[in-house]
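Please keep the sequence and model in view while reading.

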Amino acid sequence: MQLTFLGHAGFLIETQQVLVVVDPWLSPLGAFDSAWMQFPRNHQLAPLVREKLEHSPKERFLYVSHEHKDHYDPDFLRTLTKRDFTVVIGRFRRTALREAFEAYGARRVIACGDQQEVPFENGCLKLYLSDSGTHRDSALLIQADGQRFLNLNDCEVHERLSAIIAEEGPIDVFTAQFSGAIWHPTCYDYSREVYAEHSRRRRSLKFEAVARAIETVQPRAYLASAGPACFLDPSLFHLNLEPVNIFPRASELFTFLHHRLGGRTPRLIEPMPGDVLDAGLGELVSMVPERVTDENRSHYLRSYATLQTRIFRERRRNLTLAQVDRIHLRLHQEMQRKLEAFPLADRVEMPLYLGLIELPGQLIRVDFRSRRVDVVSEVRDLSRYMLRASAVDIARVLDRALNWEDFLLSFRFRASRSPDVYDSALHGFLAAELEDLRAMNREQTRGRRAGMYARDAIGEGLDITHDAEPPFRVAPIAAP
């Protein structure tokens, strides 16, 4: 079994009989409204993946782990003209991804339940699902020719790893997300010192989770994938060069693992897009000549940004005051509709303020307890959550060019909160779509009618980004 690394969380896996393409994020437009770009650059691999999926004589599968756009790339998938392959996805309660692929025109779409196998000659695919509230993701196990590749993607099934290994046997190659992927603390108005402390804590938690997973799985090789991305928009480029943030390099993870695991460290591999790994040997057998290192990383990023300049130039748009006023009114109406559908309003103790940068004296105040949305001239609550963004970026959400979660993951906003304590319900309100909130409301109503506590519909996992803040209250840090 050979694994060609496609960049980020993408793989092209081949045996003598089968080809499996995993999470191919290859679009030159990146993801999350072009805020995230693949790092290292991998757009040059799109023709190879297209050729393999369209014309390989082998049995062909396309696996997409979940609907985050750095895993599910509809722009690239639309470029495939011949679609006589099988799509494998998780069977989540939210059906949007399944519906998209059913309309896509593939030969077959298999929506797998948890631990469901998809057999092929001399092997199988097997999915492990996480589908709690609005958190939807899947991990993938591929068994072929007596070898096993376990890919957790961003899926939070760490507590199940012991059972998976006991049932499936030794793992040759293992990979799991090691980089952060959330807007905290990236978008928060913290002092430099507080920002660095939050970043260190989140990074330590992520590194420790990877170390414990490796201890449990005991693979022959760990392959660094699923992050970090890079940020080439001029307004975000500084994130690449910060001395401490939640987007560590693989070399930093490897230093931690060597110290943490000592002599129990497996072979650690940092691949470049296009590298080929032999699962049986547990090592790279083909390597692309251009490598990104700690030494040349800054120059590489600046050159990469220059290549992508056109994308960000075309995003710029000037608005008249009348247009900004209309966007403000639409945002007010959107918040009112979301609040009416939100089943956990009584759990949110602090109000939410939303402001457009162009209208500093007109803040939208969402009061969850009274279920009111008003326009006020200033912040009037000591305890509050605040989010500010440009009218241009908010308009793209209201126009459905991207959803709320994609907007939040674009990092094109600033936030603050007092007290500085994570509130999963409030974050879920921000990130969820109106139709999701309505579905959760219906599910809770059915649960109450059956005499059930409806926490399963929406709960501490409500933050639907890649990795939520810890689902417990940490010691408050005063917001500046």
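**Helices across the strands**

Helix H4 (residues 161-168) lies across E8, E9 and strand E10 (147-151), running at about 160° to E8. The model is a predicted one, in which local features need pLDDT of at least 70, side-chain atom pairs count only at pLDDT 80 or more, and totals for chains, interfaces and linings use all residues. Residues are numbered from 1 along each chain as its sequence is written, and side-chain values use heavy atoms, with hydrogens and water left out.

- Helix H6 (residues 250-261) lies across strand E12 (221-223) and E13, at about 170° to E13.
- Helices (H or I, at least four residues) and strands (E, at least two) are DSSP runs, numbered from the N terminus.
- Axes are lines fitted to C-alpha atoms, for helices over the stretch in contact, and angles run from 0 to 180 degrees between N-to-C directions.
- Contact means heavy atoms within 4.5 Å.

**The sheet of 7 strands**

- An open sheet of mixed pairing is formed by 7 strands in the order E7-E8-E9-E10-E11-E12-E13; two strands pair if DSSP finds at least two bridges between them.
- Strand E7 (117-120) and strand E13 (267-269) are at the edges and have a single partner strand each, so one side of each lacks a neighbour in the sheet.
- From one strand to the next, the twist averages 15°.
- Strand E8 (residues 123-132) and strand E9 (residues 135-144) run antiparallel and are joined by 10 bridges.
- Aspartate 131 has arginine 136 in E9 as its bridge partner.

**The sheet of 8 strands**

- In a further open sheet, 8 strands follow the order E6-E5-E4-E3-E2-E1-E14-E15, again with mixed pairing.
- The edges are held by strand E6 (108-112) and strand E15 (283-286); each has a single partner strand, so one side of each is left without a neighbour in the sheet.
- Neighbouring strands of this sheet are turned against each other by 25° on average, direction ignored.
- Helix H1 (residues 46-55) packs on the sheet, where it touches strand E1 (2-7), strand E2 (10-14), strand E3 (18-22) and E4, and its direction makes about 130° with that of E4.
- Strand E4 (residues 59-63) and strand E5 (residues 86-90) run parallel, joined by 3 bridges.
- Tyrosine 63 stands opposite valine 88 in E5.

**Leucine 19**

- Leucine 19 is found in strand E3 and counts as buried because its relative accessibility is 0%.
- The accessibility classes are buried (under 20% relative accessible area), exposed (over 50%) and partly exposed in between, with a 1.4 Å probe and protein chains only.
- Although leucine 19 and arginine 60 are 41 residues apart in sequence, their C-alpha atoms are 4.9 Å apart in space.
- Beyond its neighbours within four places in sequence, leucine 19 is in contact with residues including Leu12, Lys52, Leu53, Arg60 and Phe61.

- Strand E16 (residues 352-356) is largely enclosed by the rest of the structure, because 5 of its 5 residues are buried.
- Both faces of E16 are covered, with Leu352, Leu354 and Leu356 buried on one side and Tyr353 and Gly355 buried on the other.
- E16 runs antiparallel to strand E17 (residues 363-367), with 4 bridges between them, and a hairpin joins the two through 6 residues.
- E16 runs parallel to strand E19 (residues 384-389), with 5 bridges between them.
- Glycine 355 stands opposite leucine 363 in E17, and its bridge partner in E19 is arginine 388.

**Pocket and cavities**

- On a 1 Å grid over the protein atoms alone, a cavity is a set of points where a 1.4 Å probe fits but cannot get out, and a pocket is an open set with protein on both sides within 12 Å along at least five of seven lines; lining residues have an atom within 4 Å of a point.
- Grid points are joined across faces, edges and corners, and a volume is the space filled by probe spheres set on the points.
- The second largest pocket has a volume of about 490 Å³.
- Its lining consists of 22 residues, and Lys69, Pro74, Asp75, Ala401 and Asp406 lie nearest its centre.
- Helix H2 (74-77) and helix H3 (96-102) each supply at least two residues of this pocket's lining, and H3 gives the largest share, 3 residues.
- The count of cavities of 30 Å³ or more is 5, and the largest cavity holds about 90 Å³ of space.
- The largest cavity is lined by 12 residues, with Glu67, Arg94, Arg136, Asn403 and Glu405 nearest its centre.
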